[in-house]
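Me: I am new to this structure and would like to go through it by question and answer. Please show it first.

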Amino acid sequence: MALPLVSIITANSNSGQSALRDLMEKYSGKVKVRACFRSQEKAQPLVDKYESQANFEAMTNVDASSADTLARALEGATYAVLVTPHDPARGLSDDADLTANMINAAAEAGVKHIIYVGSWTVKAPEAIKMIASRFSPSEELLETLGSKGGPKWTILRSGFFFNNLAGLIGSGLKTGMAAFPNLHLPAVDPRDLGKIAAAIVSEGKSDVHHGKKYEISGPEMLTVRDIITRVSKAVGKNIVFQELQVEDMKLPPFLLECFKYISDNGSDAIPLDGITKQLCGEHTALEAWLQSQNIGA
């Protein structure tokens with residue numbers, strides 16, 4: 001019996017790379033993987049790593065704005081792991097439309113199950129409108145297609161990424177001072193989303209996960225002060241935390257909007273959930289993420 005095919009778009013994102021790695025290594029032999037990239041340059045490191053394996057295929061020049069390339073990327077796929085595209089140079093305004101292109105292309109290609117990487121911000125679509133608008137339409141589209149006999153779907157709502165604090169941590173290590181609002185964050189390694197996507201695909205039980213909206217957080221709720229204290233201990237360097245008020249920060253409006261919501265709602269702002277451990281048997285803690293990033297090395 002032929003192995004089911006999973007297309008990952010895009011496979012060079014943090015979660016896409018993680019899904020690819022686990023499918024090719026941890027769950028080797030359970031599926032065929034088509035890793036899709038916008039360019040050969042982005043593809044090459046992963047092609048070099050996996051091209052010798054029989055169940056790996058790389059496809060380049062896949063662009064969420066091009067229906068033809070999406071059709072090619074999704075042809076024959078049973079599963080599609082779709083990561084919301086984001087190009088900092090382009091901004092946020094087109095992200096929902098580009099994601100809709102991917103979802104519609106998957107449905108038209110006959111994909112049986114879509115695993116969509118979205119965001120926790122959809123729980124507050126008015127309060128965090130600028131970010132949530134990237135993701136809410138995609139959830140609505142999946143629900144609509146599913147109600148009309150379209151693909152099964154699972155939504156992975158990503159939490160606040162550890163990576164978003166990398167600049168603050170780096171500055172703290174350099175200057176000995178970290179200034180930031182003392183937000184409550186169940187921060188998550190973005191690669192955990194890919195691990196969950198790979199676990200769902202490899203399990204082969206789409207009915208179990210169809211219609212589920214999984215809140216993907218880190219393993220614990222921490223304040224930013226907690227995080228800086230733990231970083232200091234992990235790297236053996238004292239960093240003084242200085243609490244700022246969100247209103248006093250000079251940030252893009254979409255970040256100010258998001259941080260104000262988190263500040264106003266405390267530990268209730270971003271969901272804390274253990275589904276990561278339940279589905280893939282591991283859950284990346286802060287110290288493990290620091291080690292993986294060589295922070296303080």
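**Cores and sheet**

Me: Which residues have the most contacts inside the largest nonpolar core?
Reply: This is a predicted model. Its largest nonpolar core has 61 residues. Those with the most contacts inside this core are Ile9, Ile169, Phe180, Leu185 and Ile262.

Me: Which strands stand at the edges of the open sheet?
Reply: The sheet has seven strands with parallel pairing, in the order β3-β2-β1-β4-β5-β6-β9. A strand at the edge has a single partner, so one of its sides is left without a neighbour in the sheet. The two strands placed this way are β3 (56–59) and β9 (212–216).

Me: What is the bridge partner of Ser158 in β9?
Reply: Strand β6 covers residues 152–158 and runs parallel to β9. Five bridges join the two strands. For Ser158, the partner in β9 is Ile216.

Me: What angle does helix α8 make with β6?
Reply: Helix α8 (residues 191–203) packs on the sheet. It touches β1, β4, β5, β6 and β9. Between its direction and that of β6 the angle is about 160°.

Note on methods. Residues are numbered from 1 along each chain as its sequence is written. This is a predicted model: local features need pLDDT of at least 70, side-chain atom pairs count only at pLDDT 80 or more; totals for chains, interfaces and linings use all residues. Side-chain values use heavy atoms; hydrogens and water are left out. Two strands pair if DSSP finds at least two bridges between them. Helices (H or I, at least four residues) and strands (E, at least two) are DSSP runs, numbered from the N terminus. Contact means heavy atoms within 4.5 Å. Axes are lines fitted to C-alpha atoms, for helices over the stretch in contact, and angles run from 0 to 180 degrees between N-to-C directions. A nonpolar core is a set of buried Ala, Val, Leu, Ile, Met, Phe, Trp, Tyr and Cys residues joined through side-chain atoms within 4.5 Å. Buried means under 20% relative accessible area, exposed over 50%, partly exposed in between (1.4 Å probe, protein chains only).
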